[in-house]
Amino acid sequence: MFDRPAHDRTQPAPPAVVPGEPSTGQKASSAPSDAVVLFDGSDLSAWVGMDGNPTKWRIEAGALECVPESGYIRSLQSFGDCQLHVEWAPPVPAEGESQGRGNSGVFFGLDRYEIQVLDSYQNETYADGSAGSLYGQYAPMVNASRRPGKWQSYDIIYTVPRFCGDGELVSPAYMTIFHNGVLIQNHVELSGPTAWINRPDYSPHPLRMPIALQDHGNPVCYRNIWVRELDPESNPEYYYTDEHLKQYTGSYHISWGEPAQVTLAGHGRLAMDIAGTRLVLFCSDEGKLFAKTTDVLVHFVKEKGKPVARISVGDGWFSMQKL
C-alpha cells in the first residue's frame, strides 16, 4: 500500500491551493484557484446543446436558467475523475408536486449517470428520485433540502468507470455527494447508467466525457459551477460532435508518401492514418487536436481558402493540404 516510510522528508509537499469563499445567503461561493470554472454568471461559452449547437438556456440575474423544452446542455470540456461543485435553485413560487416540482439533473458521462435535482422540500416522491438521489439506484441518506427561494449546493466526487480494450468493465463508477454541506451519498457504487424504469448494464465509453444539465420542463436555475480534476492531463479535452468533426475528414496530400486519411473515430475523436501509423486524435480546442500515444499535434486551418492540416512532431512541423 505504501511506497514510502512514514514521515519521509523527501516526499514532495502538496501544491498550495487558494480555497474559495463559502456561499452566504444569496451570494455565490467562489471557486478554488485550481478549478476549471464552467459558469461564473457572466457567459455561456463553456456550454452547448447536446448536439454541439449554441444552447437556448439563458442568463438571468447572474444565474443560468433552464428554458423549458429547449433540451439538455453539456460542457464543451470533458472530465474524468473529478470534484464538481454546483449551486442550484428551484422555481419560486413552488408549483406542481412529486417529480413535476423543480425537476432537473446533473449528469456525468455526458448523459449516463444522473444526480437528481428536485424541489424536495416538503414534497413527497419516490425516494430514489428525490433531491440528491442517484436516480433510480440510491436514495440520499437524508433529505437536506432548503425551502424554495433558497440556493442549494451539491459537492460531488465522481470516479469514472474503467473498461478494458474489449469493452469489459474493469471497475464501476462511484459517487460521493454532499447536499448543502451534508453527506448524503458515501462512495456508492453505480450498477450502470441511471434510468427511469430499468437499470441498464454498463457499456464502454471514454474516460473523459462532458458534464450535462437536464431540461425536465422546469425553469431551474444554476450558478457557480466549477470542477477540480483529480486526474489532470497536460491537455484539456473537449467534446465536439461527429457532425462538427466531419469538416476535417478526408485525404491529405503528403509530398513524401501516400496521402494521409482522416476519419471519424467516435466519441468526439478523429483518426489519422499516416505513414503506416494510426493515430487517435483528441480535441484540445476548436480545430486543434492531439495524440496521447506520441508527441503529435494537429491544427486544422485554411490557407488561401483551402483546408490544411498543420502537423507538429517534436520540434518540427509540416503541412498537408486536403485533396
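Q: How many cavities of 30 Å³ or more does a search of the whole structure find?

A: Rolling a probe the size of a water molecule over the atoms shows where empty space is left. Before the case itself, note that this is a predicted model, in which local features need pLDDT of at least 70 and side-chain atom pairs count only at pLDDT 80 or more, while totals for chains, interfaces and linings use all residues. Residues are numbered from 1 along each chain as its sequence is written, and side-chain values use heavy atoms, with hydrogens and water left out. A cavity is a set of points, on a 1 Å grid over the protein atoms alone, where a 1.4 Å probe fits but cannot get out. The search of the whole structure finds one cavity of 30 Å³ or more, and the largest cavity has a volume of about 40 Å³, a volume being the space filled by probe spheres set on the points.

Q: Which residues line the largest cavity?

A: Lining residues have an atom within 4 Å of a point, and here they are S78, R208, M209, E237, Y238, Y239, H267, G268, F282 and C283. Strand 17 (237–238) and strand 21 (277–285) are the elements that give two or more residues to this lining, where strands are DSSP runs of E with at least two residues, numbered from the N terminus.

Q: In what order do the five strands of the open sheet stand?

A: Two strands pair if DSSP finds at least two bridges between them. In this model the order is 2-5-15-8-9, with antiparallel pairing. Strand 2 (47–49) and strand 9 each have a single partner strand and stand at the edges, so one side of each is left without a neighbour in the sheet.

Q: Which strands pair with strand 8, and over how many bridges?

A: Strand 8 pairs in the antiparallel sense with strand 9 (residues 113–117) over five bridges, and G105 stands opposite Q116 there. Strand 8 also pairs in the antiparallel sense with strand 15 (residues 212–213) over two bridges, where V106 stands opposite L213. In the hairpin of strand 8 and strand 9, four residues lie between the strands, and G109 in the turn has a positive phi of about 65 degrees.

Q: Why is strand 8 described as largely enclosed?

A: A residue is buried when its relative accessible area is under 20% (1.4 Å probe, protein chains only). Five of the five residues of strand 8 (residues 104–108) are buried, so strand 8 is largely enclosed by the rest of the structure. S104, V106 and F108 point one way, whereas G105 and F107 point the other way, and all are buried.

Note on methods: Buried means under 20% relative accessible area, exposed over 50%, partly exposed in between (1.4 Å probe, protein chains only). On a 1 Å grid over the protein atoms alone, a cavity is a set of points where a 1.4 Å probe fits but cannot get out, and a pocket is an open set with protein on both sides within 12 Å along at least five of seven lines; lining residues have an atom within 4 Å of a point.
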